[in-house]
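Student: Could you walk me through reading a protein model, one feature at a time?
Tutor: Gladly; let us look at it together.

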Amino acid sequence: MMKRKFPAFGRLRRAGRNAPVPARPYPDLAREWPGLAAVLLLACLVFVYTGILQRADLAFLDLASRSMHRGAVPGVIVAAIDARTLERLGGWPLRLDVQARLIDRLTEAGVAAVGLDLTGADDAAGARGRAAPDGLAVLVAAIRRNGHVVLRRPAPAADSLDGTDGEALIDALANAGYAAGQAELLRDADGIYRGVPLLAGAARLEPHVATLLLRASGSRAVFCDEAEIAAAARHGRGCPRYLPFGAARGYQTVSYLDVLQGRVPADLLRGHIVLVGATAAGLAARLATPAVHGPPLSCIGFLAEATSALAGATPIRPAGRRLALLFNLGVVPLLCLALSLLGPRASLLAVVGLACGLTGSAWALLRLGHLFVPAAAGVLTCALAYPLWAWRSQEALLAYLSREAARAMPPAAREPRERAAGGRHAAGPLRRRRGLMASLLRDVHDYRELVAEWVDGLPEATLVGSAQGTVLLANAQVLALARRAELAGDGQRSPLGRRVADVLFEITASHRAVEFASQALALLAPRADGAAVPAQALTRLARGIEITHARGARSLLIKCAPLRPGAARPAGLIFHVADVSSVRMAERQRDMALRFLSHDMRSPQAAMLALVEQMRETPPRFTGERFVELVAHYATTALNLSDDFIFLARAESAPPRLACVDPALVLGDAVDDLWPQASARATTVELIAEPGATTLADVQLLRRAFGNLIGNAIKFSPRDSTIRVRLAMKGRHLIISVVDQGIGMSAQDRRNLFREYGQFDARLAREGHGLGLAFVKSVVDSLGGRLLVRSAPGRGTIFSMRLPRLAGAGP
């Protein structure tokens, strides 16, 4: 016999309630979700309000906005005052009459609007104005003739790019032109210029030059909402818009000198917005922009990009701080939900998916709604959430493994296993705990195998159920009972995880078993609160119930015993199902034997003794011939009764001696055996059976069973009648039918037909003893067949015996 050692479990069992480390459940990390959510929310708030991730958001803006860059209608052209122009026209600043000639050229070409940058022209008013006193008047007249000239108002000296103050000149010319506007630029924290404020001004808010140019050209201008206007009024600048910089410029560049001299075709300029400004080195500051190709932009080039973006309806509006905060904070609940419901790998994929989804949402808002929502804070929050939760989960797991290892084994047994797992100091704490738990799990696995083998070795079918009535463990005997209940095969379901009441019902086919399981669970319910089960109830459960007519005509005894709850184990129930059919069969045979000896065998013997006593009288009551006839009758009755009893007992208890049998031949022998009885009653037995079909049966018992059916048909049929005996094949079965024209029987008689000593006709009771049909039923059941009867009073009876046919036998 194999022996198993379970040192850890042995020590644990001996320690009992005095174990040094009490059992504690795994930490409930669900209580830490508010803390994790608070940490993530706080981190997201810090990221959003401090702007430490602004550079990352701006880099995303630069990358995502490239696909939004497209040409504007009307187009934008820059008339660049380059080095060649300055060389031919006498240097900077240009004379005002020269500016007036350029505006006249543009007016003749039919441009949509003109943006004029006269920054530095105040020097011309002082130095050159004396040489040409009518220069300002000429410029004013040219601007008035065009009617769509927008002038750039220089910024204050502290904020100006070139330090020139031309406020007086601009005011003088603005009355003649369309308007004058501010041309401030927005520089971000990384030093790159990306946008413009549509409203700005120290004393009063003025629109941007790009907006005024669109209005002057008759195009749809970009407007600011009331909230943006109010914010601009408070801060002196507002309504910012980012520009989408692409791989190509959003405008065309022509030389100022070429336009002035008429070398630029009028068709190229017609219907376009033209900005006039300096681009020569040393005059125009170079701005760092997200542009991919080409040199840095000048101020006039940046204004052209802004005008092109506004004309193409592609400016990007930055989201407010509240919207950005809500956008980034919205990912925190989803992070907590994913980490709480999913496993490590799935949660990692979910976190990555949320970060990608947040980035995709920001891109969609930028691309479709022209709204820039910074998403770096939410993405970084996603990047922090998983390692934070993984760290906390690992810490909780290590603590739990340490406690369980300390509870399951003392230090003397734990140290050798730690050394086997890699050493106390050589391996990390997670590896050491993993090695210890692997050792404990091996012990648990061996222990479970031992328990499973022990349960399977129990002689009774055993079900272990939880307090909720779910099957936790079932041994092989349960499956054996289910197999005999015709529940086995490919469609059989395992009892594990199912309700105890359902499994018991499938085995017994009785609702009493369901009621017993429900009563047991109801008695177990108080134990969940610590109350003890009454002793009377325990006795009633231990006594159990017996299902006398269970599935398959078996007798099953069901008992129940409660499982005591442990420190970490809830209460449960053990159900025992014992097949007591053989016990009840033995009791029935004992009672039948007692009845046989005390009544059936005693009656003919007592009758013979009474005849003997009567023959001793003087004179005797019977003649010698009559005496012999009566004694022979009673002796034959006793002998027939003994034979029937022996055959019935053999059919019910002893296993049949099976062999391949041809039922047609056996039926012929049975008919020959009953020929004298049929002749005495002038009854014809008509046999229709073709030899060749075979079945497995005990020849002697089968011949006796056929004889009993045919004999009953002869006995209960009128004289000069015909009894038909037929053998037929139907699928995989053989059908033997015996049809008589006798007295028939009622429905009540059919229900009690196969009981021992059953007598249904008082007139013929003396000719039988009620064991024949019980014997036939036992023989058919032992062969796996079925016995059916159809009858009605006065209309005869049909007995049909259905036996399995051997495969390949018969035609």
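**Reading the helices and their surroundings**

Tutor: In residues 348-366, the span is 100% helix and 0% strand, and its end C-alpha atoms lie 27 Å apart. Helices here are DSSP runs of H or I with at least four residues, strands are runs of E with at least two, and both are numbered from the N terminus. This is a predicted model, where local features need pLDDT of at least 70 and side-chain atom pairs count only at pLDDT 80 or more, while totals for chains, interfaces and linings use all residues. Residues are numbered from 1 along each chain as its sequence is written, and side-chain values use heavy atoms, with hydrogens and water left out.

Student: Which residues does UniProt list for "transmembrane region"?
Tutor: The unreviewed UniProt entry lists 33-53, 323-342, 348-366 and 371-391. Positions follow the numbering used here, feature names are shortened, and annotations may be inferred rather than shown by experiment. For residues 33-53, the model gives 86% helix and 0% strand, with the end C-alpha atoms 26 Å apart.

Student: How many helices and strands are there in the protein?
Tutor: The protein has 31 helices and 24 strands.

Student: Is Ala385 buried or exposed?
Tutor: Buried means under 20% relative accessible area, exposed means over 50%, and partly exposed lies in between (1.4 Å probe, protein chains only). Ala385 counts as buried because its relative accessibility is 0%. This residue lies in helix H17 (residues 376-408). Across the protein, 44% of the 811 residues count as buried.

Student: Which residues is Ala385 in contact with, leaving aside its neighbours within four places in sequence?
Tutor: A contact means heavy atoms within 4.5 Å. By that rule, Ala385 touches Leu40, Leu335 and Leu339. The C-alpha atoms of Ala385 and Val332 are separated by 8.7 Å, though the two residues are 53 apart along the chain.

Student: What about Val46, buried or partly exposed?
Tutor: Val46 is partly exposed, because its relative accessible area is 37%. Val46 lies in helix H2 (residues 33-50).

Student: How does H5 compare with its expected span?
Tutor: The expected span is 1.5 Å times one less than the number of residues. Helix H5 (residues 96-109) has 14 residues and reaches 20 Å from its first C-alpha to its last, close to the 20 Å expected. Buried residues in H5 include Leu96, Val98, Leu102, Ile103 and Leu106. After H5 comes Gly110, with a positive phi near 80°.
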